[in-house]
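Keep the picture open while you read.

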Amino acid sequence: MGVFLALGVFGIFGGGQILCEKGIQSQIGTVKTLQYTESDPGPSIPLLSDILDYFVPKTEHNRTVLVRPDASLVRLPYARFIPFEDYENKVVIVTGSYDACSQKLVVKDPSAIQVQ
């Protein structure tokens with residue numbers, strides 16, 4: 001019974017993400033903007049998101065990454081109020097919510113980026 005409960009919590013309800021989220025962390029590296037374009041994901045509400053996708057056009061933007069000193073990458077998801085382009089090719093310390101599974105650092109405040 002315990003196995004089924006564990007599989008249910010981690011599989012169906014997305015509990016596996018608990019192991020990925022590492023909380024608020026600071027990462028150091030160089031900000032780079034790639035030529036690869038991606039769409040703004042927008043809200044993630046089942047069914048409602050599908051309806052909004054039909055009426056609200058997706059915005060395209062270039063992917064931004066943080067290149068750490070060991071040459072590994074951390075993705076900095078697009079946020080319209082964070083001017084990542086102002087930090088292009090600069091060594092910075094970025095603080096945000098870190099997801100280790102997807103190597104993503106979500107920045108919620110422009111003051112969370114400091115030039116080294």
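This is a predicted model: local features need pLDDT of at least 70, side-chain atom pairs count only at pLDDT 80 or more; totals for chains, interfaces and linings use all residues.

**Charged pairs**

Side chains of opposite charge can pair when their charged atoms come close. How many salt bridges are there here? The count comes to two. Here they are side by side:

| Salt bridge | N to O distance |
|---|---|
| Glutamate 38 and arginine 63 | 2.9 Å |
| Glutamate 38 and arginine 75 | 3.5 Å |

You'll spot glutamate 38 in both rows: salt bridges that share partners join Glu38, Arg63 and Arg75 into one network. Now look at where these residues sit. Glutamate 38 belongs to strand E1, which runs over residues 21–39, while arginine 63 belongs to strand E2, residues 60–67. That pair links distant parts of the chain, 25 residues apart. Arginine 75 is in strand E3 (residues 73–76), so its bridge to glutamate 38 ties together parts that are 37 residues apart in sequence.

Is glutamate 38 buried or exposed? Glutamate 38 counts as buried, because its relative accessibility is 12% and the cut-off for buried is under 20%. Its two partners come out otherwise: arginine 63 has 25% and counts as partly exposed, and arginine 75, with 24%, also counts as partly exposed.

**The disulfide**

The structure holds one disulfide. Cysteine 20 and cysteine 101 form it, with their sulfur atoms 1.7 Å apart. If you look along the S-S bond, the angle about it is -75°, and the link is left-handed. Which parts of the chain does this pair tie together? Cysteine 20 lies in the loop between helix H1 (2–12) and E1, and cysteine 101 in the loop between E4 and strand E5 (104–106), so the two joined parts are 81 residues apart in sequence.

In soluble globular proteins, nonpolar side chains tend to be buried together. In this model, the largest nonpolar core has 15 residues, and Leu66, Leu76, Val92, Val94, Val107 and Ile113 touch the most other members. Strands E3 and E4 each supply at least two residues of this core, and E4 gives the most, with three.

Zoom in on valine 107. Leaving aside neighbours within four places in sequence, valine 107 is in contact with several residues, including Leu76, Phe81, Phe84, Val94 and Ile113.

**An arginine without a salt bridge**

Next, find arginine 68 in the loop between E2 and E3. What is the nearest side chain of opposite charge to arginine 68? That would be aspartate 70, at 4.3 Å. A salt bridge has to be within 4 Å, so arginine 68 is buried yet has no salt bridge. Arginine 68 does have a polar contact, though: its side chain and that of glutamine 103 are joined at 3.1 Å. Beyond its neighbours within four places in sequence, arginine 68 is in contact with Gln27, Ile28, Gly29, Leu73, Val74, Tyr98 and Gln103.

**One last stop**

Finally, there's aspartate 86, in the loop between E3 and strand E4 (91–99). Aspartate 86 is partly exposed, at 47% relative accessible area. Aspartate 86 and valine 31 are 55 residues apart in sequence, with 9.4 Å between their C-alpha atoms in space.

Technical notes: Residues are numbered from 1 along each chain as its sequence is written. Side-chain values use heavy atoms; hydrogens and water are left out. Helices (H or I, at least four residues) and strands (E, at least two) are DSSP runs, numbered from the N terminus. Buried means under 20% relative accessible area, exposed over 50%, partly exposed in between (1.4 Å probe, protein chains only). A disulfide is a pair of cysteine sulfur atoms within 2.5 Å. A nonpolar core is a set of buried Ala, Val, Leu, Ile, Met, Phe, Trp, Tyr and Cys residues joined through side-chain atoms within 4.5 Å. Contact means heavy atoms within 4.5 Å. Lys and Arg count as positive and Asp and Glu as negative; His and the chain ends are not counted. A polar contact is a pair of N or O atoms within 3.5 Å; within protein, one must be able to donate a hydrogen and the other to accept it, and residues adjacent in sequence count only if both atoms are side-chain atoms.
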